[in-house]
There are 4 protein chains.
Amino acid sequence: MSRIAVKPTLQPELFVYSFPVRVYFENTDAGGVVYHGEYFKFLERARTEWLRAKGYDQHELAQRHGVVFVVRSISLEFLRPARIDEELGATVTLAAIDAATIEVVQRIERGGECLLTAEVKLACVKIAAFQPARIPRELRDVIVG
Amino acid sequence: MSRIAVKPTLQPELFVYSFPVRVYFENTDAGGVVYHGEYFKFLERARTEWLRAKGYDQHELAQRHGVVFVVRSISLEFLRPARIDEELGATVTLAAIDAATIEVVQRIERGGECLLTAEVKLACVKIAAFQPARIPRELRDVIVG
Amino acid sequence: MSRIAVKPTLQPELFVYSFPVRVYFENTDAGGVVYHGEYFKFLERARTEWLRAKGYDQHELAQRHGVVFVVRSISLEFLRPARIDEELGATVTLAAIDAATIEVVQRIERGGECLLTAEVKLACVKIAAFQPARIPRELRDVIVG
Amino acid sequence: MSRIAVKPTLQPELFVYSFPVRVYFENTDAGGVVYHGEYFKFLERARTEWLRAKGYDQHELAQRHGVVFVVRSISLEFLRPARIDEELGATVTLAAIDAATIEVVQRIERGGECLLTAEVKLACVKIAAFQPARIPRELRDVIVG
């Protein structure tokens, strides 16, 4: 299957999915800011909720389709630190999708300020075996649609 | 200051504070269930939000009063496992309070089912020095009140 | 099977298993000290290495015996904070064992100083089902022996 | 200060710093493999020990020089999953250094097999303020040397 470019929109900012994330002590380190590895979790929560908003949770993907999405690559740019008690937003924007992979661009924001940008490539794989699998057609349709 | 027993109520269950917690991959382990150490985080999120609902966040406690609450002791009973995608509730009930410590009883619940019980003793300490400090009077009033 | 009291020794301190744990940024929080939930991990690493030193790792327990140990209850007393870069020791001492459960007492130490004490009750359960299972006899023998 | 290319060697593999990392339950997720966010921690442990082997720990950098290294960007490629009980190696190779930043290339390995590659850019910043700072000369000398 050929790669499908995601259709552009005139006002893309209206379609950015954002999920709220509160910073607790568990997320901070002795530097007084959010530990850099915690952003991985924030980004994944947002991707999970983005899929859930489309009708798919991890349990359903596993039980009904026998697949799970795994991170193939991730590139993060850290622009500003976040601190305890802050409420952040983690965004998800689809960048590309083909038969077995999804690419998303994500941001961590605080108010209008961007704290971190991420490019994430996810692969659909068979549970346990971790072999590449086609993205279920109906899921693909709702992601692109 | 003498220890103050928290006043009983006829319908205590009406006053139980509960905070929702969603289970993500970050919280699970290879056993397929929530990693036992993650419950510490769920319990702390609930205590933090319980204080925030009373008008106090960690930043304010630190900046305005120069104190922070630290865990002195915690006892957990694990009754049932939780799994990916589940939405749990983490409760907080005040059990006792004196000049410098707070004791709370907490539960992790799934629907009406109790997954975990916790008894937590928190001490109010001066920031950085970690020496015992009196709980700020106004905070104490809203906690007991 | 009746509960077996672990045989006392004249110099018990010679038999305390201790596993080294280094404190990294990942383990600290904005209070400048080790986040309290991290101690769970330190304690589990020590228990895992204590079993491994007896010839059993998690993979073998799962694959060969179809069981895993889960935490049933844990009580922690926090005595002193630990900080970045410190090298701690996490000890394990068997307190009791019966057909399906093990009780251990653990400490986190820094030099000769005790930072935390823990009482942990572990249950042997069947993989996935999480139903109580007998501790494999040969494992039981090496634990007690 | 101009950017200094790190001098090539005929047998670079002899100079690769590698730090052992054991996989515990704390590092795994319900997919049965190491949770992708945990690799951040493994990579940071290796960088921290690499600096410590050169005579610098985080505490000394903070107390004596008033600086800390923060991650500015990181790119990870995930090649193969790791599992419970495995002993991995996390490598660190200096790629470039200038007045205020360090670039390292890292790998997570299992035996001779590469599980993950990482490119990490670290910035030296003033503690608390998080403003760019020059890398202390003596530290720079030992890193390049």
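## The contact between chains B and C

In this predicted model, 18 residues of chain B are in contact with 18 residues of chain C, two residues being in contact if their C-beta atoms, placed from the backbone, lie within 7 Å. On the side of chain B that touches chain C, α1 (38-53) and β3 (67-78) of chain B each supply at least two residues, and β3(B) provides the largest share, with nine residues. Helices (H or I, at least four residues) and strands (E, at least two) are here DSSP runs, numbered from the N terminus.

Sorted by class, this side of chain B holds nine nonpolar, six polar and three charged residues. In this scheme Ala, Val, Leu, Ile, Met, Phe, Trp, Tyr, Cys and Pro count as nonpolar, Asp, Glu, Lys and Arg as charged, and the others, Gly among them, as polar.

## Strand pairing and symmetry of B and C

β3(B) pairs with strand β3 (residues 67-78) of chain C in the antiparallel sense, over five bridges; two strands pair if DSSP finds at least two bridges between them. Within this pairing, B:S75 has C:S75 in β3(C) as its bridge partner.

Chain B is superposed on chain C by a rotation of 180° with 0.0 Å of shift along its axis, at an RMSD of 0.0 Å, where the superposition is by least squares on the C-alpha atoms of residues with pLDDT of at least 70 in both copies. The two copies are thus related as by a two-fold rotation axis. The same surface serves both copies, since 100% of the contact residues of chain B recur in chain C. B:S75, whose bridge partner is C:S75, is also the residue of chain B that comes closest to the rotation axis, at 2.1 Å (C-alpha).

## The contact between chains A and D

Chain A has 18 residues in contact with 18 residues of chain D. To the side of chain A that touches chain D, α1 (38-53) and β3 (67-78) of chain A each contribute at least two residues, with β3(A) giving the most, nine residues. By class, this side of chain A has nine nonpolar, six polar and three charged residues.

β3(A) and strand β3 (residues 67-78) of chain D run antiparallel and are joined by five bridges.

## Basis of the description

Residues are numbered from 1 along each chain as its sequence is written, while chains are lettered from A and ligands numbered from 1 in the order in which they are written. Because the model is predicted, local features need pLDDT of at least 70 and side-chain atom pairs count only at pLDDT 80 or more, whereas totals for chains, interfaces and linings use all residues.
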